[in-house]
Amino acid sequence: MNPRIANKIAHGVIYTLVAIVIIILIFLISYILVNGLPYVTPHFLSAPSQVMNAGGGIRDQLFNSIYLLILTLIISFPIALGAGIYLSEYGSGKISGLIRTTIEVLSSLPSIIVGLFVYLLFVIRFHIGFSILSGAVALTFFNLPILTRNIEDSFQSVPNLQREAGISLGLSHWKTITGVIFPEAIPGIITGIILSSGRVFGEAAALIYTSGQSAPVVNYADWNPFDAASFLNPMRPAETLAVHIWKLNTEGLVPDAKQISSGSSAILILVILIFNISAHFLGNYLYRHITSSSK
Amino acid sequence: MKKYDLNDTYIASFDNEKAITTKNIQVFYGKDQAFFNGSLAFPRYKITALIGASGSGKSTFLRCLNRMNDDVATVKGDIMYRGLNINSKKINVYELRKHIGMVFQRPNPFAKSINNNITFSLKAHGMKNKKQLRQRVEKSLKDAALWDEVHGELNQSALALSGGQKQRLCIARAIAMQPDILLLDEPASALDPVSTAEVESTLKELKKKYTIIIVTHNMQQASRISDYTAFFYMGHVLEYNTTKNLFTNPHVKATEDYISGNFG
Ligand SMILES: Nc1ncnc2c1ncn2[C@@H]1O[C@H](COP(=O)(O)OP(=O)(O)OP(=O)(O)O)[C@@H](O)[C@H]1O
Ligand SMILES: [Mg+2]
């Protein structure tokens with residue numbers, strides 16, 4: 001075949017496939033937004049949910065999702081950072097092979113299995129009960145593989161020449177990592193954190209048996225995380241937005257279950273979209289900022 | 001492919017002051033020996049060029065001199081610098097690399113501002129005084145012939161510089177440590193002719209204060225800038241002489257063929 005025609009056909013096929021993906025995505029997102037956004041009112045966002053009556057909101061679920069995400073990051077980021085740096089900068093031989101296999105297995109576990117495991121171990125065996133903490137542990141299992149790999153990749157994408165430059169100036173390997181490699185890896189790491197946050201934010205299956213399906217009334221004025229009623233108390237059960245949607249659709253008792261579910265879905269999608277878009281911009285911004293910092 | 005006698009060597013000796021001397025350097029990558037006999041004495045405040053075909057071991061040899069092969073290869077033999085054998089386990093390599101700086105084939109400035117490229121390693125080595133740092137930045141940029149072009153934009157990203165400017169920044173970064181010896185591994189091979197000329201004239205200026213050892217593929221470059229030249233062949237140094245003598249009156253057949261283009 002004429003190479004020019006072959007090239008044209010290849011282009012055509014690729015563009016068509018890309019267009020299909022984009023159309024599906026746009027359709028999905030706009031469907032959810034069009035169906036859900038009409039129900040999103042200030043009241044919807046600021047009112048607690050109802051068990052029997054119509055007119056409930058999603059205030060607590062939204063907060064729970066965010067709080068759970070933050071706790072998950074607090075637990076998983078330091079571990080992932082250590083593991084990622086080890087794999088990228090020091091890892092070779094048996095130990096890093098072991099870590100890699102572990103990560104692979106961890107990332108391929110079905111979320112419901114992880115949820116049940118954490119349920120049996122933490123919720124039941126350790127008597128922690130349905131709680132944000134248990135949920136955060138379950139989500140850490142998910143987040144850890146993604147985040148570790150992302151951090152490893154971010155470090156790996158910094159050319160080896162940068163390490164040699166540092167070493168040749170009499171810096172130690174560690175100083176080169178912290179002073180040269182890490183700053184260059186930050187934009188990629190931030191992007192990875194935000195993208196994985198999107199996944200964590202939308203996770204439901206692993207949370208049903210860990211952070212639970214109830215949203216007890218909490219006091220948003222109580223900043224002491226050790227108070228049982230405080231909104232910061234990590235030991236209380238906490239239904240998240242994604243779990244709320246699942247529950248409304250399986251056993252929702254409120255008459256407006258469908259509307260609330262649609263509204264919640266819209267919010268969920270919006271938040272995840274914001275995560276993704278901000279990941280892009282923040283990554284770029286940070287890269288520019290770090291590479292030519294004026295300090 | 002012609003075969004050359006690896007025992008047919010001509011290593012001239014000179015009685016001027018030496019900056020660094022190697023004895024029987026052998027380098028092994030794992031079990032593979034990549035370098036066999038390196039005994040060279042490098043005169044102080046001169047430019048010595050290391051030439052030879054690709055894979056002849058020039059980089060391998062050069063990287064021994066500031067212990068950049070430490071985690072990569074096993075290096076046997078002695079490297080004498082200021083009366084010390086620096087190829088010994090007891091040597092503090094971080095301190096050593098302050099005295100023997102290196103510039104690489106591809107310009108590799110840090111992803112920092114021009115200023116921070118130079119101050120980063122100085123600070124890491126304990127220099128805190130702001131004024132001192134500023135002076136050191138200015139001086140090394142001037143020595144690397146980059147000051148006039150960048151002094152107004154020291155806070156700009158080094159990544160926005162041209163290739164030749166980046167390479168001169170890397171030179172400035174290396175000489176900011178005030179080393180004795182500067183090792184350069186094909187510093188101009190990734191650059192266009194204009195940038196190459198900039199770097200070459202910079203090096204000629206620098207030899208007033210530094211001993212320079214430069215790897216190059218380019219024989220014109222070697223003859224333009226260097227005082228001494230060593231010819232490498234399959235992990236052996238076959239000939240070492242003043243650049244003038246080596247190019248006009250080679251003693252070894254391999255050298256003669258290499259410089260006249262009849263090699264291999
Ligand atoms: N990191 C390494 N691991 C294993 N072998 C290596 C390594 N670096 C170099 N070698 C081998 O050592 C030999 C000499 O390589 P070296 O890079 O020193 O040559 P060179 O003269 O610098 O070549 P060039 O002009 O292409 O840069 C080659 O056979 C090469 O394959
Ligand atoms: Mg080389």
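UniProt positions are given here in the numbering of this model, and such annotations may be inferred rather than shown by experiment. The model itself is predicted.

Start by selecting residues 62-279 of chain A, where the unreviewed UniProt entry places the feature "domain: ABC transmembrane type-1". Coloured by secondary structure, this stretch of chain A is 74% helix and 0% strand, and its end C-alpha atoms lie 20 Å apart.

Next, show chain B alongside chain A and select the residues in contact, which number 23 in chain A and 27 in chain B. Together the two chains bury about 2000 Å², with 60% of that area on carbon and sulfur atoms. On the chain A side, pick out Leu161(A), Ser168(A) and Leu169(A), which lose the most area to chain B and together account for 28% of what that side buries.

Finally, turn to the largest pocket, which holds about 480 Å³ of space. Its lining has 17 residues, and those closest to the centre are Ile167(A), His173(A), Met68(B), Asp71(B) and Val72(B). Select α3 (59-90) and α7 (160-168) of chain A along with α2 (93-99) of chain B, since each of these helices supplies at least two lining residues. The greatest contribution comes from α7(A), with 4 residues. Colouring the lining by residue class separates it into 5 nonpolar, 4 polar and 8 charged residues.

Terms used:
Residues numbered from 1 in each chain as written. Chains lettered and ligands numbered in written order. Predicted model: local features only at pLDDT ≥ 70, side-chain atom pairs only at ≥ 80, totals over all residues. Heavy atoms only, no water. 1 Å grid on protein atoms, 1.4 Å probe; cavity = no way out; pocket = protein on both sides within 12 Å on 5 of 7 lines; lining within 4 Å. Points joined across faces, edges and corners; volume = space filled by probe spheres on them. Nonpolar A, V, L, I, M, F, W, Y, C, P; charged D, E, K, R; others polar. Contact = heavy atoms within 4.5 Å. Buried area = accessible area lost by both parts, 1.4 Å probe.
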